[in-house]
Amino acid sequence: MRDVLVGDYLRSRGLTRRGLLKFCAAAASWMALPPTLAQEIAAALEKARRPSVIWLPFQECTGCTESITRADSSTLESLIFEAISLDYQHTLQAAAGEAAEEARRRAMQDNWGKYLVVVDGSIPLGNPGYSTIAGVSNADMLREVAEGAGMPLAPGRDEAIDERCGRIFAEMNRHPAVLPGAGDLLARLDAAGIPWAIATSSRREQVAASVDALRLTRAPLIVDGTHVAHAKPAPDLLLLTASHLNADPASCWYVGDATWDMLACIAAGMPAIGVTTGAVDAAALLAAGATRVVASLAEIAV
Amino acid sequence: MNTLAGIPVSVELASGNVELLLHEIGHALERLLEFGQASIMDLRGVPLAPGEEGRILEFLGTGEVRAELECGGLSTVNESRFAGVWIVTHHDPSGEIIGRLIEISFVPDIIRSQVAEMRESRERIAREVALMSGPAVSRPTTARSTDGEDTAKVLEKR
């Protein structure tokens, strides 16, 4: 079955080329691709052989799997879904036990460099033991599987995805809540004559609503992901921000709430204050390299 | 008055993109006329404020051609009041809109007969006519142009 072309398979299931064109037009829209690419997507899809897909459901609610497998009508998506070779999905293959893991390894070996990986759910990094599959932590399994996956992004595609993500985030981030103590801390820094800046891997326009919510008395210096080649955890953003502030990185303090913030600080040689208002706790921030950890921005003395 | 649309209040918001998009449609029509280059614009790819998509569709209006396709849900193709400017709306099987495109072309791609399916049709016609005529009669299954080239290939080149 894997040698059957996707186009032949879809036609055998009654899908017309117009139907495929329609699906590809919608898919181009979902993926923020130019609509003129629909014809090319359709042509590529028709000539493709069924790709091997390894689906890794990690810490998720299984609702996504349920909604796909329990669909009560045959949709175009389901035909496409059948047109892939789903070689591993451990929730669906739970009863198979070790045989499922063997199927994953075989699929990887047979399709090394060509298979697709779908990741569903979060991955515990602080304590990898919270979620394991067949005794392998989620992080280790993803590293192992991702190594042989292959689908290079077309030039500019990453930029288009990032831009679209940002636009959706900005639409949803209409009324951001200010972190307690944030505005006060920045006011105290200004009063003390200590220069500060916002260093974000996001785009400037994506954080505009959050910055507006601070109701600052002056426009802040914002260094964003578009100014550097590598976002956090690479040190680029922090080093560039320090240079804008005319400061030695080692003499700056970085305030952040994510493990990647701390890792970027280590790489930049910049002391880091971790704040436990984000998704990770004090232990994870310290493990990632935080110099100090506080529970609230109000605890930071100027 | 039991629907939102029935409440006589409208909120005026503007992204500033409506006029830009309409200008772009005009330029695309110019490219089509000058160079034969078709264009497609994805209305979902343009940041619009609530109500602005309706303003665009209202401006474009309806022309004399309307086509409906039933392929994985309804799709409608309407020529606007401006010749060569088409509004293509795709629905999924449950009726939800999954895409709305403004296509500036002589004929939208999705309306054209598809060459691969035309080839299958050619074979099918030959088979069915042969059945009608009885097994003793053999007929050519491939029409040829005057220089001997497969007609479907000629069509595909066009």
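In which strand of chain A is the place of Arg292(A)? Arg292(A) is found in strand 10 (residues 292–294) of chain A, where strands (E, at least two residues) and helices (H or I, at least four) are DSSP runs numbered from the N terminus. The structure is a predicted model, in which local features need pLDDT of at least 70 and side-chain atom pairs count only at pLDDT 80 or more, while totals for chains, interfaces and linings use all residues. Residues are numbered from 1 along each chain as its sequence is written, chains are lettered from A and ligands numbered from 1 in the order in which they are written, and side-chain values use heavy atoms, with hydrogens and water left out.

Arg292(A) has a relative accessibility of 54% and counts as exposed; the classes are buried under 20% relative accessible area, exposed over 50% and partly exposed in between (1.4 Å probe, protein chains only). Leaving aside residues up to four places away in sequence, Arg292(A) touches Ala272(A), Ile273(A) and Gly274(A), contact being defined by heavy atoms within 4.5 Å. Gly274(A) is 18 residues from Arg292(A) in sequence, and the C-alpha to C-alpha separation of the two is 6.1 Å.

The contact between the chains involves 15 residues from chain A and 24 residues from chain B. The size of an interface is often given as the accessible area lost when the parts come together. Here the buried area (accessible area, 1.4 Å probe, that two parts lose on being put together, summed over both) is about 1700 Å², with 59% given by carbon and sulfur atoms. Ile98(B), Gln114(B) and Glu117(B) supply 26% of the area that chain B buries against chain A, more than any other three residues.

Between chain B and chain A there are zero salt bridges, a salt bridge being a side-chain nitrogen of Lys or Arg within 4 Å of a carboxyl oxygen of Asp or Glu. Polar contacts, by contrast, link 13 residue pairs across the interface, both residues at pLDDT 80 or more. A polar contact is a pair of N or O atoms within 3.5 Å; within protein, one must be able to donate a hydrogen and the other to accept it, and residues adjacent in sequence count only if both atoms are side-chain atoms.

On the side of chain B that touches chain A, at least two residues come from each of strand 1 (39–42), strand 3 (74–79), strand 4 (85–91), strand 5 (97–104) and helix 3 (115–133). Strand 1 of chain B gives the most, with three residues. This side of chain B comprises ten nonpolar, eight polar and six charged residues; Ala, Val, Leu, Ile, Met, Phe, Trp, Tyr, Cys and Pro count as nonpolar, Asp, Glu, Lys and Arg as charged, and the others, Gly among them, as polar.

Gln114(B) lies in the loop between strand 5 and helix 3 of chain B and counts as buried at 8% relative accessibility. Beyond four places in sequence, Gln114(B) touches Arg17(A), Arg18(A), Leu21(A) and Asp109(B). The side chain of Gln114(B) reaches the backbone oxygen of Asp109(B) at 3.4 Å.

Two aromatic pairs are found over all chains. Rings of Phe, Tyr and Trp (its six-membered ring) pair if their centres lie within 6.5 Å, with planes under 30 degrees apart counted as stacked, over 60 as edge-to-face and the rest as tilted. Trp112(A) and Tyr115(A) form an edge-to-face pair, because their ring centres are 6.4 Å apart and their planes stand at 70°. Phe59(B) and Phe82(B) are stacked, at 5.5 Å centre to centre and 25° between the planes.
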